[in-house]
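Here is a walk through one protein model. Have the sequence and the 3D view open as you read.

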Amino acid sequence: MMPLFAVICRDHPGALQTRMDTRPAHVEWLKAGPVQLAGPLIEDGEMRGSLLVIEADSLGSATAWAAGDPYKAAGLFASVEVIEWKKFIG
């Protein structure tokens, strides 16, 4: 089994419309990728980021994969962090 990586993305403030406009392309991209789980981060009842857990052979390849997110191309993210993650429960 390859290592797991958490991809933690925070949206620019007030960018919900960019998220909604780009969501179909983002979802298709996720479905084609090494995603183990994914979902939006919610603040005040509104989607304001993303949390993904992916399989990759290295931090470099995980970071490169995350750079291909249509949300990133649309300028949605204020920040993206990729860090190795170890499943403990679940």
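Start with the charged pairs. This is a predicted model, and a search of the whole structure finds six salt bridges in it.

Take R19 and D11 to begin with. They form a salt bridge, and their closest N and O atoms are 2.8 Å apart. Is this pair buried or exposed? R19 has a relative accessibility of 2%. D11 has a relative accessible area of 11%. Buried means under 20%, so R19 counts as buried, and so does D11.

Now turn to R48. One of its partners is D44, with the closest N and O atoms 3.6 Å apart. Another is E46, where the closest N and O atoms are 3.3 Å apart. The setting here can be read from the accessibilities. R48 is partly exposed, at 28%. E46 is also partly exposed, at 27%. D44 reaches 74% and counts as exposed. Salt bridges with shared partners link R10, E43, D44, E46 and R48 into one network.

Next, the sheet. Four strands make up an open sheet, in the order β2-β3-β1-β4, and their pairing is antiparallel. Which strands lie at the edges? They are β2 (35-43) and β4 (77-85), and each pairs on one side only. From one strand to the next, the twist averages 15°.

Look at one of these pairings in detail. β2 and β3 (residues 46-55) run antiparallel to each other and are joined by eight bridges. To find a point on this pairing, locate L37: its bridge partner in β3 is V53.

The helices come next. Helix α1 (residues 16-31) lies across β1 (4-11), β2, β3 and β4. It runs at about 20° to β3. Helix α2 (residues 59-66) also packs on the sheet and touches β1, β2, β3 and β4. The direction of α2 makes about 150° with that of β4.

Finish with the nonpolar core. The largest one has 16 residues. Which of them touch the most other members? They are F5, V7, L52, I54, A62, W65 and V82. The elements that give two or more residues to this core are β1, α1, β3, α2 and β4.

How values were computed
Residues are numbered from 1 along each chain as its sequence is written. This is a predicted model: local features need pLDDT of at least 70, side-chain atom pairs count only at pLDDT 80 or more; totals for chains, interfaces and linings use all residues. Side-chain values use heavy atoms; hydrogens and water are left out. Two strands pair if DSSP finds at least two bridges between them. Axes are lines fitted to C-alpha atoms, for helices over the stretch in contact, and angles run from 0 to 180 degrees between N-to-C directions. Contact means heavy atoms within 4.5 Å. A nonpolar core is a set of buried Ala, Val, Leu, Ile, Met, Phe, Trp, Tyr and Cys residues joined through side-chain atoms within 4.5 Å. Buried means under 20% relative accessible area, exposed over 50%, partly exposed in between (1.4 Å probe, protein chains only). A salt bridge is a side-chain nitrogen of Lys or Arg within 4 Å of a carboxyl oxygen of Asp or Glu.
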